[in-house]
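I opened this model to look up its pockets and one of its sheets. My entries follow.

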Amino acid sequence: MPQAPFSAAPTALDSQLEFRAALGMFATGVTIVTARAPDGSLVGLTANSFNSVSLSPRLVLWSLGQKAGSMPVFSRGSHYAINILAADQKELAQRFATRDIDRFAGVAWREGAGGAPVLDGVAAVFECANRSQYEEGDHVIFVGEVESCSRREGAQPLIYHGGRYYTELPI
């Protein structure tokens, strides 16, 4: 029988700011998640909330704020693409994080599974069927079943850490 989830003690606003700052200390890759709306328009956003879930079946996850303007497209759509950015794509990451612009203007892409845009020059891409969604806190966690994936041999990843972009540095 499933056990009820535990809840953390309520925190003050200062603790929320500290929480956000502490999260920023975790270095992540940078993705642009893309989809096609029912009217044919393209939707995309920069996200670093990406993770693998399972090898069999091939599952990945990412999350989106519940109040995001693109939520209806992603929550109702059949497919999306998770484009893993390469080190030379910082400007693309910033473009897809900017509000109230045509994010796809002048951006090269091809049509992927279910019509989701696959961006040119990315380090890797996961073309996903929208398998399941889970509301948690102020976000929705999307689990995608990978229908196709590819990678660019030798591509260096774009990394985000502490509010800044980096590239891979060997130790």
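I began with the second largest pocket, which has a volume of about 230 Å³. The model is predicted: local features need pLDDT of at least 70, side-chain atom pairs count only at pLDDT 80 or more, and totals for chains, interfaces and linings use all residues. Residues are numbered from 1 along each chain as its sequence is written, and side-chain values use heavy atoms, without hydrogens and water.

I noted the terms. A pocket is an open set of points on a 1 Å grid over the protein atoms alone, where a 1.4 Å probe fits, with protein on both sides within 12 Å along at least five of seven lines; lining residues have an atom within 4 Å of a point. Volume is the space filled by probe spheres set on the points, joined across faces, edges and corners.

Which residues lie nearest the centre of this second pocket? I found Gly29, Val30, Phe50, Ile84 and Pro157, out of 14 lining residues. The lining has 10 nonpolar, four polar and no charged residues (Ala, Val, Leu, Ile, Met, Phe, Trp, Tyr, Cys and Pro count as nonpolar, Asp, Glu, Lys and Arg as charged, the others, Gly among them, as polar). Strands S1 (28–29), S9 (124–136) and S11 (158–161) each supply at least two lining residues (strands are DSSP E runs of at least two residues, helices H or I runs of at least four, numbered from the N terminus).

I then followed S1. It pairs with S11 in the antiparallel sense over two bridges (pairing needs at least two DSSP bridges). Glycine 29 has isoleucine 159 as its bridge partner in S11. The open sheet runs S1-S11-S12.

Last, I checked the largest pocket: about 1800 Å³. H1 gives the most to its lining, six residues.
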